[in-house]
Amino acid sequence: MVIATELCALSEYRIYPGNGKLMIRRDGKPIWLGTSKAHSLTIQRKKAAKLVWTQAWRRLHKKGLSETTTKKRTRRANKVQRAVVGASLEDIKKRASEKSSVRSAARESALKDLKARKTATKKSGAKGGAKGATFQKVPKHMPNRNRR
């Protein structure tokens, strides 16, 4: 058997038969009020949205929706590794995987080669004069370009 229930105009709670009051407003609209508290607050012209215990306030402040709706998942941006202008992706991965001792040894050997070349150019420059002077091409965006 279905029981005919009304909704309270203020709190929006169900009013079962035998409870509540029916009040006719000035404009002729009938409104049901579930409790004397709701009746009193309606006569005082209180807004339901400002009363914490009413359904209007709960709807306005998004209360009690967690069980019905799930949070929207955000997609994370995937990291993509790309090759740099001077080196390919394989070279970069190879460099990253090798040990620091191997890298430091390679750096040391490169420095030794550079020093040997510098001393050789100094010796040939002293003998040959301005003939041995070579200019290194440096991009404009590099810092300390005036020192070279």
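The structure is a predicted model, in which local features need pLDDT of at least 70 and side-chain atom pairs count only at pLDDT 80 or more, while totals for chains, interfaces and linings use all residues. Residues are numbered from 1 along each chain as its sequence is written, and side-chain values use heavy atoms, with hydrogens and water left out.

**Overall make-up**

- Read from the N terminus, the order of the elements is β-β-β-β-α-α-α-α.
- The chain has 148 residues, of which 9% count as buried; buried means under 20% relative accessible area, exposed over 50%, and partly exposed in between, with a 1.4 Å probe and protein chains only.
- The accessible surface of the chain is about 14,300 Å², and 54% of this surface belongs to carbon and sulfur atoms; the areas come from the Shrake-Rupley method with a 1.4 Å probe, and for residues only the protein chains shown count as cover.
- Among contacts in the chain with a separation of 6 or more, 25% are between residues 24 or more positions apart, where contact means heavy atoms within 4.5 Å.

**Strands 3 and 4**

- Strand 3 (residues 21-24) and strand 4 run antiparallel and are joined by four bridges; two strands pair if DSSP finds at least two bridges between them.
- Within this pairing, K21 stands opposite L33 in strand 4.
- The hairpin of strand 3 and strand 4 has five residues between the strands, and G28 takes a positive phi near 95 degrees there.

**The nonpolar core around L41 and L51**

- The largest nonpolar core consists of nine residues, namely C8, L10, I15, L33, A38, L41, A48, L51 and A56; such a core is a set of buried Ala, Val, Leu, Ile, Met, Phe, Trp, Tyr and Cys residues joined through side-chain atoms within 4.5 Å.
- L41 belongs to helix 1 (residues 36-43) and is buried, with a relative accessible area of 13%.
- Leaving aside neighbours within four places in sequence, L41 is in contact with L10, K46, L51 and W53, whereas L51, with residues up to four places away not counted, touches L10, L41, K46 and W57.
- Although L41 and L51 are ten residues apart in sequence, their C-alpha atoms are 9.7 Å apart in space.

- One aromatic pair is found in a search of the whole structure.
- Y13 and W53 form this tilted pair, at 6.5 Å centre to centre and with 45 degrees between the planes; rings of Phe, Tyr and Trp (its six-membered ring) pair if their centres lie within 6.5 Å, and planes under 30 degrees apart count as stacked, over 60 as edge-to-face and the rest as tilted.
- Y13 lies in the loop between strand 1 (6-7) and strand 2 (14-15) and W53 in the loop between helix 1 and helix 2 (55-60), so the pair ties together parts that are 40 residues apart in sequence.
- Y13 is partly exposed at a relative accessible area of 39%, and W53 also counts as partly exposed, at 27%.
- K37 lies over the face of W53, at 4.2 Å from the ring centre; a charge sits over a ring if NZ of Lys or CZ of Arg is within 6 Å of the ring centre and within 35 degrees of the ring normal.
- S11, in the loop between strand 1 and strand 2, counts as buried at 4% relative accessibility and touches W53, T54 and Q55, not counting residues up to four places away in sequence.

Methods. Helices (H or I, at least four residues) and strands (E, at least two) are DSSP runs, numbered from the N terminus.
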